[in-house]
Amino acid sequence: MAKRGTPSGLIGTTVFQNLAVSEMAALGATGLPLIVIQHPLGGEKPEAVSRRALQAVEQLSSLLGRA
């Protein structure tokens, strides 16, 4: 999508951050924004998932502030 001009990015957890960076490099997408939240998501209580969502929103807000 990014290569076609659609604003894009990736949200992932800490465990997969290095993999995400490697894959973006392999695909020639090193400029994509990467939002990293705490791992895990699966099996977490709603409160923990809400905290991770807030992490993502804070990072996204920071990225948009740079635009």
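Here is a short tour of this predicted model, stop by stop.

Before you click, note that residues are numbered from 1 along each chain as its sequence is written, and side-chain values use heavy atoms, with hydrogens and water left out. As the model is a prediction, local features need pLDDT of at least 70 and side-chain atom pairs count only at pLDDT 80 or more, while totals for chains, interfaces and linings use all residues.

Start with everything in cartoon view. You'll find two helices and two strands, in the order β-α-β-α from the N terminus; these are DSSP runs, numbered from the N terminus (helices H or I, at least four residues; strands E, at least two). The C-alpha trace spans about 35 × 25 × 15 Å along its principal axes. Of the 67 residues, 15% are buried, meaning under 20% relative accessible area (1.4 Å probe, protein chains only).

Next, select Val15, Phe16 and Leu19. Together they make a nonpolar surface patch with about 290 Å² of accessible area (Shrake-Rupley method, 1.4 Å probe, only the protein chains shown counting as cover for residues). Val15 itself sits in the loop between β1 (10-13) and α1 (17-26).

Now jump to His39 and Pro40. The peptide bond joining them is cis, with omega about 0°. Most peptide bonds are trans. Pro40 belongs to the loop between β2 (34-37) and α2 (46-66).

Definitions and conventions:
Patch = residues over 30% accessible without salt bridge, like charges linked within 9 Å, V, L, I, M, F, W, Y side chains within 5 Å. Salt bridge = Lys/Arg side-chain N within 4 Å of Asp/Glu carboxyl O. Buried < 20%, exposed > 50% of the residue type's maximum accessible area, 1.4 Å probe, protein only.
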